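I'd like to walk you through one protein model, so please have the sequence and the picture open.

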Amino acid sequence: MDSGIWQLNVAQTGTYEITLRRWPKESGLAITDPAPVMEGVDGTLMEGKALPAVKAWMQIGGSEQEMDVQSDDRSVTFTTDLAEGPTTLQTWWIDADNNRLAGAYYVTVEHVMK
């Protein structure tokens, strides 16, 4: 099963920060948090499920990286060098038994240096 795959076009060669999130930044929720019950004008959304992630994994270009996830982390940020042109980004949240749970739902890519 594949999850969390994006096809990207790197605008310029350089160093990039790639931030992975499970929830929108504005939510304030941690990666492992369940979404709360949400009351909307057209109904109620049930509480989401907690995600027992202890690691984040990312592969982009020729780089593969892994980072620990703490229970209160809202995001994790990887730093990597990328070459100009098309590339594929893939992400996973991983549990303590090394099972792949889901890809990151929200990703930001920021150029930080040439």
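Let's begin with Lys55, which counts as buried because its relative accessibility is 18%. The cut-offs here are under 20% relative accessible area for buried, over 50% for exposed, and partly exposed in between, using a 1.4 Å probe and protein chains only.

Before going on, a word on where the values come from. This is a predicted model, so local features need pLDDT of at least 70 and side-chain atom pairs count only at pLDDT 80 or more, while totals for chains, interfaces and linings use all residues. Residues are numbered from 1 along each chain as its sequence is written, and side-chain values use heavy atoms, with hydrogens and water left out.

Back to Lys55. Which side chain does Lys55 meet in a salt bridge? That is Glu66, at 3.6 Å from N to O. By salt bridge I mean a side-chain nitrogen of Lys or Arg within 4 Å of a carboxyl oxygen of Asp or Glu. Lys55 sits in strand β5 and Glu66 in strand β6, so this pair ties together parts that are 11 residues apart in sequence. Glu66 is partly exposed, at a relative accessible area of 46%.

Now look at the two strands themselves. Strands are DSSP runs of E with at least two residues, helices are runs of H or I with at least four residues, and both are numbered from the N terminus. Strand β5 covers residues 55-60, strand β6 covers residues 63-68, and they pair in the antiparallel sense over six bridges. To call two strands paired, DSSP has to find at least two bridges between them. Within this pair, Gln59 stands opposite Glu64 in β6. The hairpin has two residues between its strands, and Gly61 there takes a positive phi near 55 degrees.

There is another positive phi to find. Most residues other than glycine have a negative phi. Asn98 is not a glycine, yet it has a positive phi of about 70 degrees. You'll find Asn98 in the loop between β8 (85-94) and β9 (100-102).

Next, the open sheet. In what order do its three strands lie? The order is β7-β2-β10, with antiparallel pairing. Its edge strands, each pairing on one side only, are β7 (76-82) and β10 (106-113). Strand β2 (residues 14-21) is joined to β7 by seven bridges, and Thr15 stands opposite Asp81 in β7.

One more residue: is Leu45 buried or exposed? Leu45 counts as exposed, because its relative accessibility is 55%. Leu45 lies in strand β4 (residues 43-45). If we leave aside neighbours within four places in sequence, Leu45 is in contact, meaning heavy atoms within 4.5 Å, with Val37 and Met38.

Let's finish by zooming out. The protein has 10 strands and zero helices. Its C-alpha atoms fill a box of roughly 45 × 35 × 25 Å along the principal axes. Of the 114 residues, 37% are buried. Among contacts with a separation of 6 or more, 67% come from residues 24 or more positions apart.
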